[in-house]
Structures are given as C-alpha cells and as structure tokens.
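Try each task before you read its solution.

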Amino acid sequence: MDDDAEIIAEFLVESHENLDQLDRDLVELEQQPGSRELLSSVFRTIHTIKGTSGFLAFNRLEELTHAGENLLSRLRDGELQLTEGLAGVLLEMVDVVRALLGLIEQSGTDAGGEVEVDPVVARLRTALSPMVEEASRGTSADVSKPADRDGFETLAGARSSTNGAEASSTNDAVEEQTDRRSAVDSSVRVDIDLLDSLVQQVGELVLTRNQILQKSDNVEDVELLRAAQRLDLVASELQESVMKTRMQPIGQVWAKMPRIVRDLAHQLGREVDLHMEGHETELDRSLLEALRDPLTHLVRNAMDHGIERPGDRAAKGKPAKGVLSLRAFHESGQVVIEIADDGAGIDPARIGEVAVQRGLVSRDQLSRMDAREVIALIFQPGFSTADEVTNVSGRGVGMDVVRTNIERIGGTVDMSSQPGRGTTCRVRIPLTLAIIPALVVEEAGDRYAIPQANLVELVRLEGEELRRSVEVLAGAPVLRLRGHLLPLVSLAEVLGGERGDADEITVVVVASDDLRFGLCVGQVHDTQEIVVKPIGRQLKGMSTYAGATIMGDGKVSLILDIGGIAQTEAVASVVEQAVETRHTSADETALLVLEVSGGRRAALPLHEVARLEEFSAEIIERTGSTEVVQYRDGILPLVRLADAIGLPSPARPEVPLSVVVHEDGGRMVGIVIDKVLDVVETELALSDVGRRQGVLGSAVVQDRVTDLVDLDAVVRLAGAAV
Amino acid sequence: MTSLTQTRPAQLCTFWLDGLFFGVDVAHVQEVLRYQEMTTVPRAPRAVRGLINLRGQIVTAVDLRCRLGLPDRSAELWPMNVIVRSRGEVQSLLVDDIGDVMDTNDYLLEPVPPHLPGAIRDALVGVMSLPGTILLVLDPDRAVDCSTAPEPVGGTP
C-alpha cells in the first residue's frame, strides 16, 4: 500500500504542476488560437494525466481526461478551430481535473465526493460530435451553430455548479490542506541537466580543494591553513549534498513491480507472492533510470522461466503459490539487488544442450565448463530456452541485453541456481559513477587509481616470506594467502612492461565479482576521492582502463578496470580452478601436468606436491651416485623423472632445473622435470597402457595421453640411492 | 564536384607536419595550445600519445605524425596541440607548428590525389592548391580515429 501512496503522491505533484502549465497554455491559446505548439503541449499534458490515472485506476479522472483528449486531438490536428466556447469547456475540464486531484489527495480515490464529472464529460462530447459531423459532411454552419450555442449555454450553467463543487470540497479540507499540500510544496523539481552540471562543478571543486590541500601542507601561514581546512570541510559536505540530490530510493523502480507481477501472474497462469525488501536503498538517479528495464526483464524471466504453474508446483510438493523476492541493500560501497524465486531453477544440462544447438559453444567446450560457467551461457546473445515465443519472454533477446545494460553502468550481474529449488540473480551496481574513493598506486613513475569497491586488502612481502609464499605455477605466479591460492598479476606486465625481480613486493588484493587476485604494484600511495572522467573513444575498447581522473597536482591518471584486467590476464580460469579445489568432488583429481624428456607428458597428484623450485645447474652436488642440492639447511636428493620412468633424459646443463619438491613424513625428494605445463581438475580414467616401473598407467588429460607417475616408486628410487 | 564544394570549409586553421601543410575547418577547432604535459596510456594505440588535463577535462592527444604514417618528430621538437571537437568529444591533434587561420573562399577544394599514402588519403576531405604550396584539408573525425593508424614506417626503429 505504501508503494501506491508513493506513486499517487508523485502523480499529484506532477499533475498539479502540469495543470498550472495547462492553465497558462489555455489562456495563451485564447490569444493565439491557431498555435499548434500550444495545442500540442496542452494535448500532451492531458494525455499524460489520462495515462497515469488509467494506470492508477482513477476511472472518473480517466473518463474525463479521455473526453478532453479527444477534443484536443481534433484541435491539434486542425480539424476544429478553437472558439471561445471550446476554450471554456476545456478550462472547465481543467477545473474539474483539479477538483478530482484534490479529492484524491484527501481520500486516495477519485470516487464519491461532490465533484461532478459527468456533465463536463457530456459537454466535451457534445462539443466534439457536431463538429465532427460538420467536418465530415462539410455542410453549412446551420447545423452546428445551434448545437454550439446550446453547448455554450449549458456550459455556463454547469460551470458555476462545478465551481461550487470544487469550492465545497476545498472547504471541507481547509484545515488539512496545509498538511496535505506539504508533499507538493516542500519539493522542487529541478532540471536534470542542471543537476548534472552541479555534480560536474562540484567535481572540479573537489579537485581544486585537493590541489590546495596539497600545497597548504608546506605552508607556514596559519590563516591560509585554516581557510584550507574550512574549504576542505565545506567542499566535502557540498559534494555529499549534491550527490544526495541525485540519489533516489530504488522503491521508485520497484513501485511498478507489484502491478507487473500481478499482470504477469494472471497472463502466465502463475500464483506468486511478491516480497520486497529495502525500498529505501538509494542510488544515483541516472543509474536508477538505467536499471529500470533490466530489472523488469529479470522479474519477467523469473515469472516465466522460474516459477512453475501451480499444478506443477503441487506435484513437486511445493506450495502452489511461488515466492518472488526482491531485495536491495548496500554492501561495500555498492548497491546489491537480488531477484530470487523459488521456482524450477536452472538445469545446467538443458542450458548446455540449448547452447550447443544454437551454436554458441561446441560440445567439446561445453564438456570443459563447470556448472557456473554453463549457467553464465544464458547471458550470451541469442540464447533462449523458451520452446515457444510468448510476449513475455523467449525471443532470445534478453539476458545479453540485461547484462550489457548493467555493465554499461559499471555493474555486474550474476546468476546462481539450485535445480528444483530456485534461482537467484544478483545485480551489483556502484552507488554513483561520478565520484568514487580509490587507492592510488604507482608503477613505472605513473600513478593509477584502483576503485575502492574492488579493493580487498594490501599485502607486503619481502625476503624469506616472499620466497615462501609466492610460487610460480606454469609461469603463473600464485600467492599462498591464509591457505588459499591467489593468482598474482603484475601491474607492470598488464601495462606492457616487464615484471621486475624484486626482493619485496606489494600486492593489492582486488576482487571483481567472485574473482580475487593479487595485483603486484610498484608503490602504494594513499586513498582519495577521485572524479571519474570519461576517456576518448580511441581508448574505450581497452579493457584495462575504466576511465581517467585528475590528481591533486593536476596530472591525469588512469583508473584501472579490475574486472577487465582479470579477463585479459585470464585470471578467471585460474581462480575458478582454485575455488574448485576447495570442493572437488570425490571423482575428480587435481593433477600437476609436467613435461619430461623433451615433450612427453606426465602428471602428479597436486596434493603430493609441496612446492616448485628452480635450481641452477651449478649448485648441484653429488653424494655417491645421487644428485643433491642444499636446500633449506638440509640436503635435498634429486631424482630425474625421465630416468625414473624409463624415458631418455637429455642432458641440458645450461638450463636451470625445474624441480617438484615432494614431502613425505618429513623427508623431501626433489623430482627433476623439464617444465610444469598446467594444473588440471579431471576425472581420472586410468588405463593400464603404459604401465611400467614408476608409472601407474596412462590417462587422457587435456586430450593428450599422459603418464601418471607412481610417486612411491620414484621416491623409493631416491631413497634407495640415498 | 558539387558535394565537395558544399562541404568546403570557409576558414581553415592551418599547421605543419613533417614539412606538409595541413588545414582543418575552424568550426571544429576549439583552441590551439603549446606543448602540454601528458600522461601516457600503456598499451594504447601507438598514435595515442597520452592524456591531457585541459581545465579539468580529459583530452586524448593523437599524434598526427603517427596517425598519418609520417616519420616521428625529433626529440627536441615539442608538439603543439590543436584542440578539436569531434563527435561530442574534445580531442587534441599533436602537430609540429601552427600556421594562420586562412580564408579559403577563393580556392577550390579538389579531390585528394589518389596516389597519396592511404593513411593520409583516408584522413583528408580534399586538397587546395594555394600559390606556392598545397594545403591538405583534414577531416577531424577521421584524423582522431586511431584504429586505422599504420604500423611505424621504415626508418623509425
């Protein structure tokens, strides 16, 4: 009910303004009856009121404005000339509309009360009909004139009566009036362009403030310092207030959801309970505007594809009435909107099937995707599982557009589903696009900004700790952070430079969606508010940057697009693997795939691998026939894997040795390999083919036959040698 | 020919690039500036030399020499900025030196000689034959488009 009250309040504010304009227009129109422009404006106003009143089921208001609209459209199209009589009828209509609005403001409905609508409607119609006949017949004025005069007379009589009606209704409400009107009077409508330019100017002010603050740091002048501090404070408050003027509660978009859901439920034969939470969650109005369509689309989808028909639900033992819940809340500087249903959920198998049919992925690609990736396929252009096209959904334009629209405003959308239990769609959007807090980092002498929304933590590693925590897997460095593997990406490399070998690194742990990775940067400066500015079209295609900003000293800095970097650096796949390891199903094994003996493939169970090392050939020593290296205050025996599994072992003394360190009950063995190829999760179908000493058998891993190393045997070999 | 004369700009802002004389319609030119400090954009198209802070607005600086496939300017030559408006954005064209604003009503805009290098031909509206020199008239929208910028020409390693 609150929603309705809100819509009505909005409608009233808008209509009152429109009516004032209408009065002016009509009066002006009497001066210059031929003005097509004025007529169009009047027509639009009445049309708007008609449309909204129809939507809000104010039937009398609708009937009245509808009759008025018909007359106006004739006038606008030049089929009728505006006479004094017609202008009178129209003004009278405006009066009655106003009276009806007054009634709605007091009682919430346009029914009852003492406002008489029918006489005016009748007059509007009679004013119209003879003219129409005249126009169509093209006969003399004899026919229309009496009617015209007739209309004019009755009009005069009725006019006083409606005036009376209006007067009485206003009288009734006289004491309440001030209260009721406050909604109208306490708000001012402001042109959006003006707000936008305000935001821009405040942005400039914030930048100038930053500049002044920076300069005033090295100044002795106390007065100046104090003024600078005041400026700082005022600018911050001003910025906050201006941003607030652009903030609107999400309830505005949600307000029409109950109606949409009701209509759709009816149309699709569903029974749905709609729960909404977090109306008051505010976000920038431009974002709100952009959200309107995607959210509506997601709700439609949930109704059409998610929630089942009551019969089907009963058969599954669910309550016949489905639940659709909308939730909005703030989380770490972002607005999160969840659209959840308790419907059928998404069946990854079906999605995969359809995606293959539509040629979006090959069967081969599909087989390598996990459930999450498969579900994400619904965001591909041209995807639709609807067997038949309804006017609700199923035209195959949809989710991709939803995603594009949300991404355009810097947001993300993500689906999760439990088959049979329901689907949750999570949309994340920034609060505002204009001014954001960001961490400033430096690389190769240039500063870059990382949006705070992507920031997780800062980690600094040096010396022994660095060597212990960072490992290089197949050329890709990873950081062990509190038991999890975090892919490391070097900002220098992202920017096309070289990754330097340093004895200390600074890692900015960042997240985008569910992807987390560490960005190694040269230097970390401070956090500051930055104004996001667009960059030229030549750079829009670059996924590395989200925009640019101007720093306190006036220099331009680029804003990094963490999501874009994750994609270009292919961190995505690494992370998903890392995530997967935590809940690997019993039949899947994580394997470290290696190359030995110049191009042959072998694999070790990943959990047997303690770490990966590289030793230069010079440090290899020998005890007896065994090669060893000094390692961590001990002696690490080395086994050449090629020898151990009966493959030729080409001597390459100039190349540093890649060594997989295996630890077993405190005893370490270094297994010398050519290089690490990859880490894969796979279902092992071990074949006896290739079984020999040191090899358990062969399996197809990544479409290639790979020897699975019998680690025990290899270790025994080393043990025997020691 | 008629279409050419219709689009012919009345006044041109002129400048030099590697000894060639160029002009761009003054209607597109916002201002002309000396060398400005730039922030380089790693991995951007080669012709994008950097970003300039123009009174709070961020402007992409396109090196016309690179865009048109001309040899790079020597290090001691500091480029000047011709700030143009192109499709709602403000962009900077980096040029060697600025000339005068020329009234070109007396000259005919002629088609671009077909044997000019493609990179230059692509960015021109036409040419004007002036006494003693030839003026190449640029289309600012195409001039700032770096997607077609050629790879570095020989002689500039």
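## Exercise 1: a leucine in a strand

A:Leu274 is partly exposed, with 18 other C-beta atoms within 10 Å. On this scale a residue is buried if 20 or more other C-beta atoms lie within 10 Å of its own, exposed if 12 or fewer, and partly exposed in between, with C-beta atoms placed from the backbone. This is a predicted model, in which local features need pLDDT of at least 70, side-chain atom pairs count only at pLDDT 80 or more, and totals for chains, interfaces and linings use all residues. Residues are numbered from 1 along each chain as its sequence is written, while chains are lettered from A and ligands numbered from 1 in the order in which they are written.

Task: find where A:Leu274 is found and which residues it touches.

Solution. Begin with the element: A:Leu274 belongs to strand E2 (residues 272-277) of chain A. Helices (H or I, at least four residues) and strands (E, at least two) are DSSP runs, numbered from the N terminus. Next, list the contacts, where two residues are in contact if their C-beta atoms, placed from the backbone, lie within 7 Å. Not counting residues up to four places away in sequence, A:Leu274 touches A:Met257, A:Pro258, A:Val261 and A:Leu324. Finally, check a C-alpha pair: A:Leu274 and A:Val323 are 49 residues apart along the chain, and their C-alpha atoms are separated by 6.1 Å.

## Exercise 2: an aspartate in a loop

Task: decide whether A:Asp503 counts as exposed or buried.

Solution. Count first: A:Asp503 has 9 C-beta neighbours inside 10 Å, so it counts as exposed. Then place it: A:Asp503 sits in the loop between helix H19 (491-494) and strand E14 (504-512) of chain A. Leaving aside neighbours within four places in sequence, A:Asp503 is in contact with A:Glu462 and A:Gly463. The C-alpha atoms of A:Asp503 and A:Leu466, 37 residues apart along the chain, are separated by 7.6 Å.

## Exercise 3: a helix and its span

Task: compare the reach of helix H8 (residues 192-216) of chain A with the expected span.

Solution. The expected span of a helix is 1.5 Å times one less than its number of residues. H8(A) has 25 residues and reaches 36 Å from its first C-alpha to its last, close to the 36 Å expected. Now look for its buried residues: they are A:Val199, A:Val202, A:Gly203, A:Val206, A:Leu207, A:Arg209 and A:Asn210. An α-helix has 3.6 residues a turn, so residues three or four places apart point the same way.

## Exercise 4: positive phi in chain B

Task: locate B:Asp18 and B:Arg43 and give their phi values.

Solution. Take B:Asp18, whose phi is near 50°; this residue lies in the loop between strand E1 (11-17) and E2 of chain B. B:Asp18 is partly exposed, with 13 other C-beta atoms within 10 Å. Then take B:Arg43, whose phi is near 70°; this residue is in the loop between strand E3 (29-33) and E4 of chain B. B:Arg43 is also partly exposed, with 16 other C-beta atoms within 10 Å. For context, most residues other than glycine have a negative phi.

## Exercise 5: where the chains meet

Task: describe the contact between the two chains from the side of chain B.

Solution. The contact takes 18 residues from chain B and 20 residues from chain A. On the chain B side, strand E4 (48-54), strand E5 (57-63) and strand E7 (89-95) each supply at least two residues. E4(B) gives the most, with 4 residues. By class, this side of chain B has 9 nonpolar, 6 polar and 3 charged residues. Here Ala, Val, Leu, Ile, Met, Phe, Trp, Tyr, Cys and Pro count as nonpolar, Asp, Glu, Lys and Arg as charged, and the others, Gly among them, as polar.
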